Amino acid sequence: MTTQEELSMAGEFDCALDAAKCAISRQEDKEAFRILKEISDPNSDFVSQSRITKVFASLDCGLLDLKPIRIALLASTTVDHFADLLRFWLALEGFAASIWIAPYDTVAATVLDEGSKLYTLRPDITWLFLTYRDVRIRSNPNNAVSIGKSIDDLVFEYKKLWNKIQSNLHCVVIHNNADVPAEDAFGNFARQVAWTRRNVLHRYNLALGDAAHAGVVIFDIDHIASTLGRSRWTDWRYWYHSKHPCSLEAHGALAFRSARLISSIRGQAKKCLVVDLDNTLWGGVIGDDGLSGIGLGNDAAGEPFLDFQRYLLALKERGIILAVCSKNDESIAKEPFQAHPDMRLRLSDIAVFQANWENKVDNIREISRMLNVGLNAMVFVDDNPAERGLVRQLLPMVAVPDLPEDPSRYVQAIDSHCYFETIAFSTEDRDRANYYGGNAARTELLASFSEMNDYLKSLEMVSAQGNTDPFNLPRMAQLINKSNQFHLTGTRFSESELRDRSAQPNFAVRYFKLADKFGDNGLISVVVLDASNKQLIVETWVMSCRVLGRTMEEFICNDMIEIARRRGCTSILGRYVPSGKNKLVAQLYERLGFSLVAADQGTTTWQLTLKRGLDKLNTFVAPTDQFEQASLKHV
Amino acid sequence: MTARLTKVFRETFNDNSIELQDETTAKDIMEWDSLNHIVLVFAVEREFGLSLNAAEIGSLENVGEMLNLLMTKATR
């Protein structure tokens, strides 16, 4: 970049910042926030980011529709500047963060002292913000034998801190691993000597990752350091002067990645990637260039596309749903998937394949509808800037990354956005993309059946239900915290809270699984029932929208009636609390035969009296005893 | 040089009314605390193309000292 260009960009930045300030003075805080969002870039320099943060701090966050989140930062370094940037990046993720910074270098003491502010603050996230400097293990030849034990001991100490926090607070713990410094007395040879600092820290990082149980997230600052480059990550001057954990230049990227991680902890990671075909999955245009003419294969022009497909396949294998949205004739668009020898993606990897000549906005809406995945959980990847612009404008909730012109940088471009952060990986995640594939097939089948009931019957659905157990608990908590649409009361539970609930005799915490002839949908619904009184209160009811309208709701309601009767309750009480996203279920209780007993500011309360001879609701889902056999049959 | 430094101060503290004198110290600018001092030094380093050492970062308590240092170290 020439100095001239730099100057003009700086000028644009200043102008935008001034525009944001003007908007604030006109009390148009939302507009100001929009401008700040536009000029924000995780990789921009610290000075620019600080200036954005300053202007952001003068905004009235109350006007921005942000969800509150409380974070406790326990650090052995100066994290004030990091916290300032984090607040801004979290706002871009939709959160109004209040961040409490524990007194400098009192990490363990703050955790161990139950009288510390940590425990009165009751944060949603407790963050042990450590660096390699906190890994106080002597690395020298005298220690060679005992190093393994020293590492285990230190990890065990941290494990005790996590347990201490989680036995007193319902919060997620984030714990930084060690950012291994570039400098090492042994230089290249360090890897071949067990006790060198480089090896000790790497072994420590492995041990820490292994030790982290549910509810503990290791924040991989070592990975961030290597992504940025360790020379950019480190600035010793600001360590000596003010004990900053890393260079100020690295703070922006650090805050951005933190915000994405926290967003994922709160269930807001992206779930689906919608991809274009021509010049995105392969070089050239299949309709024009034909099967043998497209760029895909083992030469410099074709290899980048192969690798991009491999990357998408890896995403799919960890549970990200892939969909295609392309302006093409469907049969032509599918040809490479069926007949090109170098194609990595197969049609079976694509959950929904939209190839037609309609506009992409409608097609993405349709994909969202068919998959029951919200538009705000979708990423749209297209080489054509015009298509990206259209989608950005009409569907602002869809993430649309810029794609470089050179396909060799596609993977990097998408990966750098950290769209698909996660804090857990289960077999359900792995199989999710396949569930969705089956789901799309179901919708197509639906169109060919005139009678809904015939369709449902033909699905041969069977459900297993049960009470909380350690095996299903993580997925249950995940479902409660990720569900927005089919969520009657909007309550959120951490794993430990859910475990507590189910341990209390008055509560019943139930899960439901569903299998059908297209495959196993896995654990798709959770209810939390309170039978403290003569009324069974439905405290929480979430269900995956994938199985909506399949009479699963009726099946679950029947299960509740059964439980209410067994516990001697005479009625069931359900509440609907509007959250802005759960309109879908506003009339659910009415549909299930409940009567309205109270309405207050949108919140409605519904009652089902358990009279003698009350009929069970009609459902096409068969109960658990047939499940084993059926699910085996369906696998 | 004073004009450029003024610009850096105004941007850092988000305050266009700041006027600098040699005697101006942290006491005269409300926002100039130890945390903002770091942001300020960082912005000065970038504007004038220099790199201060850890001891110098902490020693720049007033504008006069800052200008003196810039006279000898600035590269642009």
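Select the charged side chains of chain B: 7 are positive and 13 negative, and the centres of the two sets lie 8 Å apart. Lys and Arg count as positive and Asp and Glu as negative, while His and the chain ends are not counted. The place of a charge is taken as NZ of Lys, CZ of Arg, CG of Asp or CD of Glu.

This is a predicted model, in which local features need pLDDT of at least 70 and side-chain atom pairs count only at pLDDT 80 or more, whereas totals for chains, interfaces and linings use all residues. Residues are numbered from 1 along each chain as its sequence is written, chains are lettered from A and ligands numbered from 1 in the order in which they are written, and side-chain values use heavy atoms, with hydrogens and water left out.

**Chain B as a whole**

Now show chain B as a cartoon. There are 4 helices and 0 strands in chain B; helices (H or I, at least four residues) and strands (E, at least two) are DSSP runs, numbered from the N terminus. The pattern of chain B along the sequence is α-α-α-α. Chain B has a radius of gyration of 11 Å, close to the 11 Å that the globule rule gives for 76 residues, so chain B is as compact as a globular protein of that length. The radius is taken over C-alpha atoms, and the globule rule is 2.2 Å times the number of residues to the power 0.38. A box of roughly 25 × 25 × 20 Å, taken along the principal axes, is filled by the C-alpha atoms of chain B.

Colour chain B by accessibility next. Buried residues make up 46% of its 76 residues, where buried means under 20% relative accessible area, exposed over 50%, and partly exposed in between (1.4 Å probe, protein chains only).

**Chain A as a whole**

Move to chain A, which has 25 helices and 17 strands. Its radius of gyration is 27 Å, close to the 26 Å that the globule rule gives for 635 residues, so chain A is as compact as a globular protein of that length. The C-alpha atoms of chain A fill a box of roughly 80 × 70 × 65 Å along the principal axes. Of its 635 residues, 54% count as buried. Among the contacts in chain A with a separation of 6 or more, 71% are between residues 24 or more positions apart; contact means heavy atoms within 4.5 Å. For the charges of chain A, 71 positive and 80 negative, the mean positions are 7 Å apart.

**Aromatic rings**

Show the Phe, Tyr and Trp side chains. Their rings (for Trp, the six-membered ring) pair if the centres lie within 6.5 Å; planes under 30 degrees apart count as stacked, over 60 as edge-to-face and the rest as tilted. The count comes to 25 aromatic pairs over all chains.

Select Phe512(A) and Phe555(A), an edge-to-face pair at 6.4 Å centre to centre with 85° between the planes. Phe512(A) is in strand β11 (residues 507–516) and Phe555(A) in helix α23 (residues 552–566), 43 residues apart, and the pair links distant parts of the chain. Both Phe512(A) and Phe555(A) are buried.

In chain B, select Phe9(B) and Trp32(B): their ring centres are 5.3 Å apart and their planes at 80°, so this pair is edge-to-face. Phe9(B) and Trp32(B) are both buried.

Back in chain A, one aromatic cluster is formed by Phe33(A), Phe56(A), Phe88(A), Trp89(A) and Phe256(A).

Return to strand β11 and select Leu514(A). At 0% relative accessibility, Leu514(A) counts as buried. Beyond four places in sequence, its contacts include Met461(A), Asp520(A), Val547(A) and Val621(A). The C-alpha atoms of Leu514(A) and Ser525(A), 11 residues apart along the chain, are separated by 9.0 Å.

Thr77(A) comes next, in the loop between β1 (67–75) and α4 (80–92). Thr77(A) is buried, with a relative accessible area of 4%.

End at Arg344(A), in the loop between α15 (330–339) and β8 (352–356). Arg344(A) is partly exposed, at 28% relative accessibility. Not counting residues up to four places away, Arg344(A) touches Leu306(A), Gln309(A), Arg310(A), Leu313(A) and Asp349(A).
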